[in-house]
Each structure stands twice: as C-alpha cells, then as structure tokens.
Amino acid sequence: MDFGIAGKVALSGGGSKGMGRCISEELAREGAMVVVAARGLEAVEETIRAIHKAGGKATGVSADMSTKDGISKAVAHAKAEYGSPDIVVSNVYGPTHGRWEETKDEDFFDAYKSIVMSQLYLSRMVLPHMKAQRWGRIVCINSIASKEPHRELPLVTANVSRVAATALNKSISDELCRYGITINTIGTGSFATERHISYMRKQALAGVGNFDPDDPNKRDDIPAGRIGDPEEMAAMVAFLCSARASYVTGQFIVVDGGRVRSLV
C-alpha cells in the first residue's frame with residue numbers, strides 16, 4: 001500500500017527512543033524525509049544512522065520539544081535541511097507529579113506548559129506552511145488518560161493536562177480541515193518501551209498498578225493480555241500521516257489492546 005508521503009518532510013518529536021524512534025523509522029520507510037528531534041543527541045544520531053542504513057533519509061537535532069525555544073530550534077533545523085514540515089508528530093514526556101495531596105499548584109502549571117502549550121507552540125509554527133500548500137498532517141501522541149483517567153497510578157496532573165491537549169487539537173482541526181490539514185490525537189495505552197517498563201516496575205515495587213516485574217509484557221488488565229509493541233503504534237501513526245487518511249481528522253484514537261472500557 002502506497003501511503004503517498006514519499007518526499008514529504010516529517011518532523012518527528014521525541015523521535016529517538018521507544019515509540020518515537022519506531023515512528024521515525026516507519027515514516028522513513030514510507031519515503032518521508034525525517035527530522036528526528038529529541039533532547040539527547042546521542043540517541044538522535046543513533047536513530048539517524050539506523051534510518052540511513054535502511055536506505056531512508058533523515059537528519060536530526062537536539063531539542064526539547066516541550067519548550068517554545070526547543071520547538072523553534074527543531075522547526076528551523078527542518079526548514080534548513082529539507083524545507084518546512086508537511087508532517088508533524090508531537091510526542092513529549094508526560095508529567096508524573098504524583099497524587100492530588102502530593103502536588104503543588106506549580107505542578108499543574110508545569111504539566112500544562114509541557115503538554116498543552118508545547119502543542120500550541122508547535123501548531124502555530126507549522127500550520128502556516130500547511131495551510132498555504134493546502135496539505136498537512138499533525139499527530140499528537142497523548143494518553144488513554146484523556147478518555148479514562150488513571151486511578152491506580154499517581155498521575156493527577158497528566159489526567160488534567162492530557163484532556164486539555166486533546167480538546168486543543170479537536171478545536172484546531174475543526175477550523176483547518178478545509179485546507180487539507182488533518183490533526184488527530186492518539187490515546188496511548190501501555191507499550192514496551194524502556195521508559196514505560198521502568199516506571200511501571202517502580203510503581204509495582206511500591207505496590208501500585210497491575211504489573212508483573214518478572215514478566216513486564218504480560219498484563220491481565222488488558223484484553224490483549226500483553227502490552228503493545230512500539231511498532232504497532234508506529235503503524236497507526238504512519239497511516240494517520242498518510243494521504244489515505246485524508247478524511248480522518250479531529251479524532252481521539254485509542255491504541256491500547258482494548259484496555260479502555262468506555263464505549264464512546
């Protein structure tokens with residue numbers, strides 16, 4: 001299947017590790033010219049080498065995609081190397097401040113800045129080009145917390161800020177769909193990334209959550225019986241970035257092995 005994105009410029013935020021790296025590599029396999037943006041330069045360069053080895057095109061930049069300055073740096077690098085981004089994947093670390101009584105007011109501000117304002121800054125920087133050419137794709141890696149708040153895990157600031165980012169994307173998508181731009185949000189479940197397994201192991205040792213430290217891929221609370229492979233997420237993101245997904249916009253799409261119980 002031809003996704004129709006060969007030659008497109010794809011900015012892959014948080015694109016050097018875990019799901020982000022798989023997304024970078026998947027977009028490159030589809031022929032996109034990928035700009036890998038993440039904080040750690042070593043991981044960025046390793047991802048670029050892997051893409052080049054597989055025959056793809058990629059460049060990269062060390063940038064904190066949760067900040068306005070970092071986003072500006074990444075977008076400028078993309079423009080200098082390949083041109084303005086046609087495809088953007090937003091993927092920043094979620095806040096882990098704790099439970100309600102463990103948090104301060106400032107923690108909620110920090111979470112909002114990291115999750116919501118980063119999406120706003122990124123959208124403002126890339127949408128003018130997309131609107132002018134009447135084509136663009138934005139995919140935001142979010143969380144199932146936007147649909148079903150975390151109860152067992154101490155993630156109250158994530159529960160609040162993730163919903164706000166989803167609402168922002170829906171609002172923007174309604175205004176820009178007529179210009180051939182789609183904006184979608186992914187409700188991410190549990191995936192086999194180093195960061196997720198490390199966090200869940202820590203929670204399990206504290207007696208929190210449904211996680212077996214001896215078998216991290218097994219999850220009895222997920223109908224699929226396991227956590228996801230990052231490549232499964234990458235496949236969904238690549239489709240949403242494709243020309244074939246032109247009528248899918250403003251959606252919150254859950255990728256979680258059936259874990260969320262809600263019907264709508």
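Arginine 261 is exposed, at 65% relative accessible area. By exposed I mean over 50% relative accessible area, by buried under 20%, and by partly exposed anything in between, with a 1.4 Å probe and protein chains only. This is a predicted model, in which local features need pLDDT of at least 70 and side-chain atom pairs count only at pLDDT 80 or more, while totals for chains, interfaces and linings use all residues. Residues are numbered from 1 along each chain as its sequence is written, and side-chain values use heavy atoms, with hydrogens and water left out.

Arginine 261 makes a salt bridge with glutamate 148, with 3.3 Å between the closest N and O atoms. That pair links distant parts of the chain: arginine 261 is in the segment after β7 (252-255) and glutamate 148 in the loop between β5 and α5, 113 residues apart. A salt bridge here is a side-chain nitrogen of Lys or Arg within 4 Å of a carboxyl oxygen of Asp or Glu. Helices (H or I, at least four residues) and strands (E, at least two) are DSSP runs, numbered from the N terminus.

The structure holds ten salt bridges. Another of them joins glutamate 25 and arginine 21, at 2.9 Å from N to O. Both of these residues are in helix α1 (residues 18-29), four residues apart, about one turn of the helix. Glutamate 25 is buried, at 17% relative accessible area. Arg21, Glu25 and Glu46 are linked in a salt-bridge network.

In helix α5, lysine 170 and aspartate 174 are also four residues apart, about one turn. Their salt bridge has its closest N and O atoms 3.5 Å apart, and lysine 170 is partly exposed at 36%.

Now to helix α4, residues 105-133. Its 29 residues reach 42 Å from first C-alpha to last, close to the expected 42 Å, the expectation being 1.5 Å times one less than the number of residues. What angle does α4 bend by at leucine 127? The bend is about 40°, and proline 128 follows within four residues; the angle is taken between axes fitted to the seven residues ending there and the seven starting there. Buried residues of α4 include Asp107, Gln119 and Leu127. The buried residues of this helix pack against β1 (9-13), α3, β4 (87-90), β5 (136-141), α5 (156-176) and β6 (181-188), contact meaning heavy atoms within 4.5 Å. After α4 comes arginine 134, with a positive phi near 60°.
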